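Visitor: I would like to learn how to read a structure like this one. Please take me through it feature by feature.

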Amino acid sequence: MLSYRHAFHAGNFADVLKHIVLTAALQAMLRKPTPLVYLDTHAGAGRYTLDAGTTGGRSEAQEGIGRVLTARLPPLSVTAYLEQVRALNPPGRLQRYPGSPALASALLRDQDRMLLHELHPADHAALASLLGARARCKVLRSDGLAALKSALPPLERRGLVLIDPAYERTEEYREVPAALKAGLRRFATGVYLLWYPRLSPDIAVPMLDTLAATLTRPTLQLELSLGPPGDRPGMDACGMLIVNPPYGLADTMSEVLPWLADELGRPGGGSRVDWLIPE
Ligand SMILES: C[S@@+](CC[C@H](N)C(=O)[O-])C[C@H]1O[C@@H](n2cnc3c(N)ncnc32)[C@H](O)[C@@H]1O
């Protein structure tokens, strides 16, 4: 079953959090000249047109990236992300939004490599047409969680893995910790970014408990809530685990998350940045 289409949600508050973390983590890793691999397990279409029949998508984007683009005094660490979104749009308008592969592609250098996994045929085709011709980039229509076994460790011995499932099947909450554990067994020093939703009722809790009990590498946990817990049905909060966070990322996110909560949240919303597994 692949009914989830990211176009309906592109640019929403969850994408804003995820993509700010992704660009900041990659920028920190790219300070070293040695090559790295970027592995996107759930890559999506790569770029989204916000008004192409995706009415829901457009309003979610207006409440997410739309607000952030017009915010006064954003932290310097979100500049690279905002510049990429602005570069896709006419001045003062919000028509298109970059997905994780496009954001990563714009930052990576000639010596770096990309592995992009996307199972949905239409999104895979869109991604292949956007990035398929890029040097040192593979766009694969195969299971991204399985790639945590088959593609790791990378030859480069440096890499960032983005795990961004749609969680449309409840089994994914069990498959994700198992796949992350398998990846870490092969590539213990990789940087792994895992996104998860906080829903009401909160079905991510057992997955987070499993991860807290089994992860052994330093892991940062970030959460962003738009309102008080249980205030609204559906997804009103989300979070990320960052295994082996690059140096400085915890401090950067401690500045960015409260700002994001102010820009995107309602009274009673908020954010947290904590070590799930201390350094
Ligand atoms: C949340 S979206 C990804 C968004 C993208 N990472 C971004 O930030 O722009 C999840 C995507 O994963 C795809 N997908 C679902 N299961 C998958 C799997 N096992 N392997 C690869 N792709 C999968 C879905 O078709 C969907 O496009």
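Visitor: Which residue stands opposite Lys138 in β5?

Guide: Strands of a sheet pair through backbone hydrogen bonds, either parallel or antiparallel. Here Leu115 stands opposite Lys138. Strand β4 (residues 113-117) and β5 run parallel, joined by four bridges. Two strands pair if DSSP finds at least two bridges between them. Strands (E, at least two residues) and helices (H or I, at least four) are DSSP runs numbered from the N terminus. This is a predicted model, in which local features need pLDDT of at least 70 and side-chain atom pairs count only at pLDDT 80 or more, while totals for chains, interfaces and linings use all residues. Residues are numbered from 1 along each chain as its sequence is written.

Visitor: What is the order of the strands in the open sheet?

Guide: The eight strands run β5-β4-β1-β6-β7-β9-β8-β10, with mixed pairing. β5 (137-140) and β10 (270-277) each have a single partner strand, so they stand at the edges and one side of each is left without a neighbour in the sheet.

Visitor: How do α7 and α8 pack?

Guide: Two packed helices are described by the angle between their axes and the distance between the axes. For α7 and helix α8 (residues 205-214), the angle is about 20° and the axes are 9 Å apart. That makes the two helices α7 and α8 roughly parallel, a term for angles under 35 degrees. Axes are lines fitted to C-alpha atoms, for helices over the stretch in contact, and angles run from 0 to 180 degrees between N-to-C directions.

Visitor: Which residues of α7 meet α8?

Guide: Tyr173, Val176, Pro177 and Lys181 in α7 meet residues of α8, including Pro206 and Leu211. Two residues are in contact if their C-beta atoms, placed from the backbone, lie within 7 Å. Helix α7 (residues 172-186) also lies across β6, β7 and β9, running at about 170° to β7.

Visitor: Which peptide bonds are cis, and where is phi positive?

Guide: Most residues other than glycine have a negative phi, and most peptide bonds are trans. The bond from Leu152 to Pro153 is cis, with omega near 0°, and Pro153 sits in the loop between α6 and β6. Another cis bond joins Ser200 and Pro201, with omega about 0°; Pro201 lies in the loop between β7 and α8. Arg136 has a positive phi, near 55°, and lies in the loop between α5 (121-131) and β5.

Note on methods
Parallel < 35°, antiparallel > 145°, perpendicular 65-115°, else oblique.
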